[in-house]
Amino acid sequence: MPDPRLLAVITALLMIAGAPARADYDIAQLQQIEQYILQKDCAALWQYLTANPSIMSGGDALARELRTFVAATERGQLNCFAARTAQTAVVPPTSVVNFAAANAVTY
């Protein structure tokens, strides 16, 4: 999962949309990056950044964080690609007494 600081930097940059940025990105790109982060889609974020390397070309905080994310991913230091979304099963509620009685072990 990307560093929470990355989300904070993107949010701050979206809030100051009129201010000039040092890296070569626009509001639509920032919104796309934010969506990938909110969706926790590391694979899509990595693909987007590698397809748009100019986003990481600046010396500002966002560009540095994005370069760190891409480099760590390429070195295998992030395992978010292997992470699958949790499959939640609907389990009917059972009383504690029934569960305890059914799983009791006699020693």
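What percentage of the 107 residues in the chain do buried residues make up? In this predicted model, the buried share of the chain is 29%.

The chain contains five helices and zero strands, and its elements follow the order α-α-α-α-α from the N terminus on. Of the contacts between residues at least 6 apart in sequence, 54% join residues at least 24 apart.

| Helix | Residues | Buried residues |
|---|---|---|
| H3 | 42-51 | Cys42, Ala44, Leu45, Tyr48, Leu49 |
| H4 | 61-74 | Leu62, Ala63, Glu65, Leu66, Phe69, Val70, Ala72, Thr73 |

In helix H3, the buried residues are Cys42, Ala44, Leu45, Tyr48 and Leu49. Viewed down the axis of H3, these buried residues fall within an arc of 165°, so they line one face of the helix. Gln47 and Ala51 lie on the other side of H3 and are exposed. The packing partners of the buried H3 residues are helix H2 (27-38) and helix H4 (61-74).

Helix H4 has 14 residues and reaches 20 Å from its first C-alpha to its last, which is close to the 20 Å expected at 1.5 Å a residue. The buried residues of H4 include Glu65 and Thr73, as well as Leu62, Leu66 and Phe69. After H4 comes Gly76, which has a positive phi near 80°.

Key. Residues numbered from 1 in each chain as written. Predicted model: local features only at pLDDT ≥ 70, side-chain atom pairs only at ≥ 80, totals over all residues. Heavy atoms only, no water. Buried < 20%, exposed > 50% of the residue type's maximum accessible area, 1.4 Å probe, protein only. Helix = DSSP H or I, 4+ residues; strand = E, 2+ residues; numbered from the N terminus. Arc of directions from axis to C-beta. Contact = heavy atoms within 4.5 Å. Expected span 1.5 Å × (residues − 1).
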